[in-house]
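Please look over the chain below before reading the notes that follow. They begin with one residue and its surroundings, and then turn to the chain as a whole.

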Amino acid sequence: MADSPDLPPTVWRSLVEASTDALWLLGTDGTTVWANARLGELLGRDDDLTGMAAPEAFAPEARERGRRHHAQLAPARRGRGDGARERQRAAGGPG
């Protein structure tokens with residue numbers, strides 16, 4: 001895979017915001033760091049999800065299922081950091 005183009009952050013932001021895919025960035029604590037408009041459309045929301053706990057973004061009837069799912073995933077993700085080590089290993093470097 002070719003290296004990513006050296007584009008300004010504003011270009012990358014425009015690309016992800018215009019994506020037809022739902023994109024959702026969660027912090028390690030399960031709160032929303034960033035989400036694009038498509039995610040809001042899929043969830044039936046028009047408010048800003050930033051800072052919202054992931055389960056709270058879902059309709060009330062789906063929240064408990066979301067909480068259980070997040071609880072199952074959270075222990076496996078602890079200590080993984082930002083993925084830099086995995087990217088370094090994939091590139092053939094130390095990690």
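Leaving aside neighbours within four places in sequence, N36 is in contact (heavy atoms within 4.5 Å) with V16, E17, S19, D21, A22 and L23. This is a predicted model, in which local features need pLDDT of at least 70 and side-chain atom pairs count only at pLDDT 80 or more, while totals for chains, interfaces and linings use all residues. Residues are numbered from 1 along each chain as its sequence is written, and side-chain values use heavy atoms, with hydrogens and water left out.

**Around N36**

- N36 sits in the loop that lies between strand 2 (32–35) and helix 2 (37–43), where helices (H or I, at least four residues) and strands (E, at least two) are DSSP runs numbered from the N terminus.
- N36 counts as buried because its relative accessibility is 4%, buried meaning under 20% relative accessible area with a 1.4 Å probe and protein chains only.
- A polar atom of the N36 side chain lies 2.8 Å from the backbone oxygen of D21, and a polar atom of that side chain lies 3.3 Å from the backbone oxygen of V16.

**The chain as a whole**

- The chain contains four helices and two strands, which follow the pattern α-β-β-α-α-α when read along the sequence.
- Of the chain's 95 residues, 16% count as buried.
- Among contacts in the chain with a separation of 6 or more, 10% are between residues 24 or more positions apart.

Technical notes: Buried means under 20% relative accessible area, exposed over 50%, partly exposed in between (1.4 Å probe, protein chains only). A polar contact is a pair of N or O atoms within 3.5 Å; within protein, one must be able to donate a hydrogen and the other to accept it, and residues adjacent in sequence count only if both atoms are side-chain atoms.
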